[in-house]
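Reader: I would like a close look at one part of this protein. Could you take me through the pocket and the strands around that part of the fold?

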Amino acid sequence: MSKPVVYFTREITPENVVRLYEKLGVDLPGKVAVKVHSGEKGNQNYLHPEFMRPMIETVEGTVVECNTAYDGARDTTEKHEQLMAEHGWSEFFDVDIMDSEGPDLVFPIENGRFLTHNYVGKHLANYASMLVLSHFKGHPMGGFGGALKQLAIGCASNQGKVNIHTAGASLKQDEFWTKLAKQDDFLEGMAEAAETIVNHFGSNLAYVNIACNLSVDCDCCAEAEDPCMGDIGIFASLDPVAIDQACIDAVKASKDPGRDKLLERINSKHGTKTIDDAARLGYGSKDYELVEV
């Protein structure tokens, strides 16, 4: 079986995002959901809609998000929609908060060690395909954020996020912090949840990771650290495991003096365990071919 291809370019421009996506040779069918990170209120590192616009318009996509499980500017649909407008997403695109109404779409997990079900935004069912358009960077809980986190936490409803973070122990928002799972159990739960989205869309999925503004913190942080190392580039693949692994490998290979700080965050949170578990579950490969364009 041939290795999945990950396309890569060092020059980060909106046009190169489109160019790398087109290298994948896919035509995402039907109504296309484009999963982005809207950026928490106050965050300075998230990728702005103006940058994403050519890519989203290329697939004629709808920008999709789900509400958070912790307090902030995105934990209710009303606040989230207001922030999407403030950040400019609503100016350029149709925006869909997928868990704005219930009941959640519930996907069974047959072989999960921690989760039995994944709870995702109801509106996910309205889309035939998905482009996972990720800002690759660090994360205070997951170690890093990339394609797999977008599939797992990003598509999960408010209750679904509690389910993943507690490794199946709770669906109640007020128990989010009190029942947080052991770190490795949470990471494995993310891999289990992500698999349900891959199974749902099948071959109608594509992934682009943009490795820039490389802070140790996620775009979900209202008060995030500034980037600790220089930009790396754009990655595109049809394999969510391969694309995240390629980004991790690029950080490790970097000679930027700030890369140690980012790696410390990733390693301290055992971040690459999610990649390992996703590969073990069989919906992606850590062994890939990198093609620089």
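Predicted model: local features only at pLDDT ≥ 70, side-chain atom pairs only at ≥ 80, totals over all residues.

Author: E7 gives the most, with five residues. By type, the lining divides into 14 nonpolar, 10 polar and six charged residues. The space inside comes to about 390 Å³.

Now follow E7 into its pairing. E7 runs parallel to E9, and seven bridges join the two strands. One of these links serine 134 to asparagine 209 in E9. Asparagine 209 also has a bridge partner in E10, phenylalanine 235. E9 and strand E10 (residues 233-237) run antiparallel, with five bridges between them.

E9 itself is mostly covered, with seven of its seven residues buried. Leu205, Tyr207, Asn209 and Ala211 point one way. Ala206, Val208 and Ile210 point the other way. In a regular strand, side chains alternate between the two faces of the sheet.

Next comes the core. The largest nonpolar core holds 57 residues, and Met130, Leu151 and Phe235 touch the most other members. Strand E7 (129-139), helix H5 (147-154) and strand E9 (205-211) are among the elements that give this core two or more residues. Its largest share, nine residues, comes from H7. A second, separate core has 30 residues, including Val18, Leu24, Val59 and Phe93. In soluble globular proteins, nonpolar side chains tend to be buried together.

Notes:
Residues numbered from 1 in each chain as written. Heavy atoms only, no water. Core = buried A, V, L, I, M, F, W, Y, C linked by side-chain atoms within 4.5 Å. Buried < 20%, exposed > 50% of the residue type's maximum accessible area, 1.4 Å probe, protein only. Helix = DSSP H or I, 4+ residues; strand = E, 2+ residues; numbered from the N terminus. 1 Å grid on protein atoms, 1.4 Å probe; cavity = no way out; pocket = protein on both sides within 12 Å on 5 of 7 lines; lining within 4 Å. Points joined across faces, edges and corners; volume = space filled by probe spheres on them. Nonpolar A, V, L, I, M, F, W, Y, C, P; charged D, E, K, R; others polar. Pairing = 2+ DSSP bridges.
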